[in-house]
Amino acid sequence: MTSQPRGAIRGRSAIVAAGNTEQGTVPGISADEIAVEALRRTLAEHGIAKSEVDGLITCKSYGGFGIDTEIGRLAGLNPDYSATLDYGTCNFSLHLACAVIDAGLATTVAIVYGTNQRSAGNRFGHPLGRQDEASVYGFLNVAGPAGMAFRRHQHLYGTTEEDLGRIAVSQRRYARDNPLAVFREPLTLDDYLAQPYLVEPLRRSDLCMISDGGACLIVTRADRADDFTDKPVHVMGIAQQSGLRDRQNADQWMRPWIERVAERIYPAAGIDREDVDALYIQDPTSVWVLQMLEMYGFVPPGGVGEAFRDGAVGFGGKLPLNTNGGQLSEAYMWGFLHLCEAVRQLRGEAGGRQLDGPRTAQYCSTFGFMKAASTILSVDRS
């Protein structure tokens, strides 16, 4: 018996619906209510009965919200399976949904996320990691560690602030065609360089905003996908890797363990990176985009600036990147909207930013310095 590559799940699970609420500021409603509204809209917009949902996966959000037991109660669900991930930034939630379907614990799983952290006043004033590290170094949010990571990159490769700025500029150009995006005003490289440092060497446009909103994906067994839609998006391969040793890892600012995901994801999906028509990288900071473009082999180390300048990557380039504007311009949402956008692009439903017939998309995400994951999606089942 020939063993398949780890994470090879071609032809077994498919996304049949993706939806969201408004993004930005959604006052007067709890995070859980926003999550349930995202579920309600997604089912209604795609003509799926709530009774079809027999699995529920939620993600914790600011303020202790996002627990499956409460969201299930508010949504009026008694699913066969339910769970909550502490950090479910959609790749991790999607991978769990695929595993649940594979194990036969559920057939059709709703992945739901909602947050009201902007309205609730979250200012990321609490430590992301160890208390001692936060108190000594002031690393209360991603800006400090990301700034250190970029300084390391500059030291190794001579990367400039202009190189980094091209990421935010490219994503803003996509966001201008996205009515959901919070930031749609023009952003040139000169505009970017004129911004004051927020945490030197990073500027405001290098970091995502805090926002309210909800998102939902409906995932089902692939042989049932046609019961819900004539445009299913199939999950071809998944991969994960942790970096839980944290500072015990060599060169942890560069998160080299992400390369393990890159080594696994393409064999799992049965494609090469050259077959990817649209790329999505979770971007609480532009530095993570810089790192993952290199880690996944789309550009050589130190080559990001040239790739954007020469049209290899980004707006108008050979490889479209974060066509929704990403977290830097669209909304925060812990990366859920990247998968929603990938699904819409593959279904031909992305409006004014629609690409020309994409068939395969890849999404790469991380949980800071702790975990990494990637998914490859396709309009083809095998």
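1. A quick definition to start: a helix axis here is a line fitted to C-alpha atoms over the stretch in contact, and angles between axes run from 0 to 180 degrees between N-to-C directions. Keep in mind that this is a predicted model.

2. With that in hand, look at helix α6 (residues 143–157) and helix α10 (residues 286–295). They pack with their axes 9 Å apart, at an angle of about 45°. Angles under 35 degrees count as roughly parallel and 65 to 115 as roughly perpendicular, so α6 and α10 are oblique to each other. Their crossing is left-handed.

3. Who makes that contact? From α6 come Ala146, Ala149, Phe150, His153 and Tyr157, and from α10 come Val287, Trp288, Leu290, Gln291 and Glu294. Sorted by class, the contact of α6 with α10 has seven nonpolar residues, two polar and one charged.

4. Next, the largest nonpolar core, which has 48 residues. Leu293 and Tyr296 have the most contacts inside this core. Several elements each supply at least two of its residues, including α6, α7 (161–175), β8 (233–242) and β11 (371–378). The biggest contribution is from α10, with seven residues.

5. Leu293 deserves a click in the viewer. Setting aside neighbours within four places in sequence, Leu293 is in contact with Leu279, Ile281, Phe298, Val299, Val304, Phe308, Val313 and Leu321.

How values were computed. Residues are numbered from 1 along each chain as its sequence is written. This is a predicted model: local features need pLDDT of at least 70, side-chain atom pairs count only at pLDDT 80 or more; totals for chains, interfaces and linings use all residues. Side-chain values use heavy atoms; hydrogens and water are left out. Helices (H or I, at least four residues) and strands (E, at least two) are DSSP runs, numbered from the N terminus. Angles under 35 degrees count as roughly parallel, over 145 as roughly antiparallel, 65 to 115 as roughly perpendicular and the rest as oblique. A crossing is left-handed if the near helix is turned anticlockwise from the far one by less than a right angle, and right-handed if clockwise. Contact means heavy atoms within 4.5 Å. Ala, Val, Leu, Ile, Met, Phe, Trp, Tyr, Cys and Pro count as nonpolar, Asp, Glu, Lys and Arg as charged, and the others, Gly among them, as polar. A nonpolar core is a set of buried Ala, Val, Leu, Ile, Met, Phe, Trp, Tyr and Cys residues joined through side-chain atoms within 4.5 Å. Buried means under 20% relative accessible area, exposed over 50%, partly exposed in between (1.4 Å probe, protein chains only).
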